[in-house]
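Work through the exercises below with the model open. Try each task before reading its solution.

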There are 2 protein chains.
Amino acid sequence: MDDPPAESGPADAVLAVNARFYEAFEAADLDAMSALWEHAGDVVCTHPGWPTLRGWAQVSSSWFAIFRNPQRLQVILTSAAVTVEGDAAWVSVDENLLDGGAGQTVSALNVFRRRDGAWRMVAHHGSPVLRR
Amino acid sequence: MDDPPAESGPADAVLAVNARFYEAFEAADLDAMSALWEHAGDVVCTHPGWPTLRGWAQVSSSWFAIFRNPQRLQVILTSAAVTVEGDAAWVSVDENLLDGGAGQTVSALNVFRRRDGAWRMVAHHGSPVLRR
């Protein structure tokens with residue numbers, strides 16, 4: 001077996017899951033969204049302008065409700081920065097949302113945890129950028 | 001030497017630094033704020049409604065500017081939940097801001113990293129709760 005390529009380190013593995021999160025969001029794919037979150041009681045999710053949702057039951061319900069909205073948003077990610085610390089990692093990224101009309105930028109902080117070799121999302125916090 | 005009390009585990013150490021963050025904020029104490037942040041290039045800070053600030057230089061400048069405002073806010077913390085994963089930890093908490101008039105709730109996600117035995121803040125993300 002060849003060694004894995006150098007770019008397949010933990011930071012790239014985290015960024016790959018981070019990318020899957022936005023792909024699942026754009027596609028409104030509940031199965032893909034569910035697969036990349038850890039189904040734990042301590043996960044948290046703050047949608048822009050929302051109070052924080054705590055635990056997988058609340059978080060999954062929110063994605064179910066959001067994905068029932070027929071509007072689809074395209075997300076262009078900029079300024080993604082990843083930090084890995086052992087089995088934890090976090091990504092700071094700007095989400096530039098395009099809905100065909102005026103754009104909106106959301107600042108996001110996403111936290112991931114590694115269990116049994118797999119990185120999964122444990123926190124998503126998005127907040128509207130109201131001034132620049 | 002007696003064993004340390006059971007309550008002095010890493011989760012409590014993280015919550016203590018988290019509490020110091022809000023004490024420094026309420027007191028507009030730049031030295032205290034500076035002492036509890038890691039002065040690293042990968043720290044990030046998102047004030048409510050702001051774009052994300054990256055690196056200690058930008059983050060410290062923002063606290064300097066914010067603390068020049070003579071208005072002081074009282075912060076009542078609710079729903080604080082801490083997760084520790086090795087040398088990383090994060091706290092999800094609701095900041096209930098009181099300024100003498102109408103209150104405002106900010107959802108916050110704070111990330112901490114342990115270096116040389118000391119927990120320091122490496123990410124703060126606060127977002128306005130616009131609906132309940």
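**Exercise 1. The contact between the chains**

How many residues does the contact take from chain B and from chain A?

*Solution.* This is a predicted model. Start with the count: 30 residues come from chain B and 30 residues from chain A. Next, locate the side of chain B that touches chain A. Strands E1 (44-46), E3 (74-85), E4 (88-98), E5 (104-115) and E6 (118-128) of chain B each supply at least two of its residues. Then sort that side by class: 13 residues are nonpolar, 9 polar and 8 charged.

**Exercise 2. The relation between the copies**

*Solution.* Finally, compare the two sides. Of the interface residues of chain B, 100% are also interface residues in chain A, so the copies meet through the same surface.

**Exercise 3. Strand pairing in chain A**

Trace how E5(A) pairs with E4(A) and with E6(A).

*Solution.* Take E4 (residues 88-98) and E5 (residues 104-115) of chain A. They pair in the antiparallel sense over 10 bridges. Leu97(A) stands opposite Gln104(A). The two strands form a hairpin with 5 residues between them, and Gly100(A) in the turn has a positive phi of about 90°.

Move on to E6(A), residues 118-128. E5(A) and E6(A) run antiparallel, joined by 10 bridges. Val106(A) has Pro128(A) as its bridge partner. This hairpin has 2 residues between the strands, and Asp116(A) takes a positive phi near 50°.

Note on methods. Residues numbered from 1 in each chain as written. Chains lettered and ligands numbered in written order. Predicted model: local features only at pLDDT ≥ 70, side-chain atom pairs only at ≥ 80, totals over all residues. Contact = placed C-beta atoms within 7 Å. Helix = DSSP H or I, 4+ residues; strand = E, 2+ residues; numbered from the N terminus. Nonpolar A, V, L, I, M, F, W, Y, C, P; charged D, E, K, R; others polar. Pairing = 2+ DSSP bridges.
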